[in-house]
Amino acid sequence: MALNIESCTLPHEALLHRYVVHGGFTDCFCITIDRTIDQASYIQAFYTTCLFKIERGLLAALVKRPSTDEQARALAAGERDEFSAWKVEAKQTDQLLMRDISGRTRSWLMSVTSANNQTRLYFGSAIVPVADKRSGQRHLGFPFAQLLGFHRLYSKALLRSAARRLSAQR
């Protein structure tokens with residue numbers, strides 16, 4: 001089974017869209033799965049993949065923000081609003097927008113099921129720009145700008161990993 005991740009336009013109704021309006025960096029990746037997948041299942045699958053567990057381990061070691069699969073399940077069920085280094089910024093029945101503890105980045109998940117029982121899974125990110133102290137110009141900052149290429153590859157891999165898990169759960 002091919003799991004083709006596409007770079008796509010951020011849907012207008014996306015909670016992440018507010019960062020486009022305010023000049024932040026945003027991206028959006030998507031994939032269509034041939035079955036119905038609810039948002040809670042998507043959130044839980046995303047945050048419990050082997051690939052994301054590596055990130056969770058790094059965050060536990062580097063910023064002392066450990067997390068568990070049970071916490072991911074509770075986040076997906078709406079029973080908690082913090083997970084590892086993120087806090088829920090906004091949510092709807094089909095979307096979740098998370099803010100990192102520094103306030104500089106956002107992660108967004110959205111699932112949309114069509115009438116033919118296919119589900120389109122979206123994953124996107126935002127980087128909030130900062131103002132240069134001398135010029136006042138807003139920019140991403142050196143570390144963020146330098147890591148965008150890696151970020152795109154990693155984002156696609158995260159979405160593919162979650163989609164693979166969800167596809168196997170038939």
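This is a predicted model: local features need pLDDT of at least 70, side-chain atom pairs count only at pLDDT 80 or more; totals for chains, interfaces and linings use all residues.
Residues are numbered from 1 along each chain as its sequence is written, and side-chain values use heavy atoms, with hydrogens and water left out.

Q: In what order do the 7 strands of the open sheet stand?
A: Strands here are DSSP E runs of at least two residues and helices are H or I runs of at least four, both numbered from the N terminus, and two strands pair if DSSP finds at least two bridges between them. The pairing in the sheet is antiparallel, and strand 1 and strand 3 (82-83) are the edge strands, each pairing on one side only. The order of the 7 strands in this open sheet is 1-2-7-6-5-4-3.

Q: Which residue of strand 2 stands opposite Ser7?
A: Strand 1 (residues 6-7) runs antiparallel to strand 2 and is joined to it by 2 bridges. The residue of strand 2 that stands opposite Ser7 is Phe29.

Q: Which residue in strand 7 is the bridge partner of Ile33?
A: Strand 2 pairs with strand 7 (residues 119-127) in the antiparallel sense, over 9 bridges. The bridge partner of Ile33 in strand 7 is Thr119.

Q: How many of the 9 residues of strand 2 are buried?
A: A residue counts as buried under 20% relative accessible area, as exposed over 50% and as partly exposed in between, with a 1.4 Å probe and protein chains only. Strand 2 (residues 25-33) is largely enclosed by the rest of the structure, because its buried residues number 7 of the 9.

Q: Which residue in strand 4 is the bridge partner of Glu82?
A: Strand 3 and strand 4 (residues 86-92) run antiparallel and are joined by 2 bridges. The bridge partner of Glu82 in strand 4 is Lys87.

Q: What angle does helix 2 make with strand 6?
A: Axes are lines fitted to C-alpha atoms, for helices over the stretch in contact, and angles between N-to-C directions run from 0 to 180 degrees; contact means heavy atoms within 4.5 Å. Helix 2 lies across strand 3, strand 5 (95-100), strand 6 (105-113) and strand 7, and its angle to strand 6 is about 135 degrees.

Q: Why is helix 2 oblique to helix 6, and at what angle do they pack?
A: Angles under 35 degrees count as roughly parallel, over 145 as roughly antiparallel, 65 to 115 as roughly perpendicular and the rest as oblique. The axes of helix 2 (residues 39-47) and helix 6 are 8 Å apart, and the packing angle is about 120 degrees. That value makes helix 2 oblique to helix 6, the angle being about 120 degrees.

Q: Which residues of helix 6 meet helix 3?
A: Helix 3 (residues 50-63) packs against helix 6 (residues 148-168) at about 125 degrees, with the axes 8 Å apart, and the two helices are therefore oblique to each other. From helix 3 the contact involves Leu51, Phe52 and Glu55, and from helix 6 it involves Tyr154, Ala157, Leu158 and Ser161.

Q: At what angle do helix 2 and helix 4 pack?
A: The axes of helix 2 and helix 4 (residues 69-76) are 8 Å apart, at an angle of about 155 degrees. That makes helix 2 roughly antiparallel to helix 4. Ala40, Ile43, Gln44 and Tyr47 of helix 2 meet Ala72, Arg73, Leu75 and Ala76 of helix 4, and the angle is about 155 degrees.

Q: Against which elements do the buried residues of helix 4 pack?
A: The buried residues of helix 4 are Ala72, Ala74, Leu75 and Ala76. The elements that they pack against are helix 2, strand 3, strand 4 and strand 5.

Q: What distance separates the C-alpha atoms of Leu15 and Lys91?
A: Leu15 is found in the loop between strand 1 and helix 1 (17-21), and Leu15 is buried, with a relative accessible area of 9%. Not counting residues up to four places away in sequence, Leu15 touches Ala90, Lys91, Gln92, Gln95, Leu97 and Trp108. Although Leu15 and Lys91 are 76 residues apart along the chain, their C-alpha atoms are separated by 7.7 Å.
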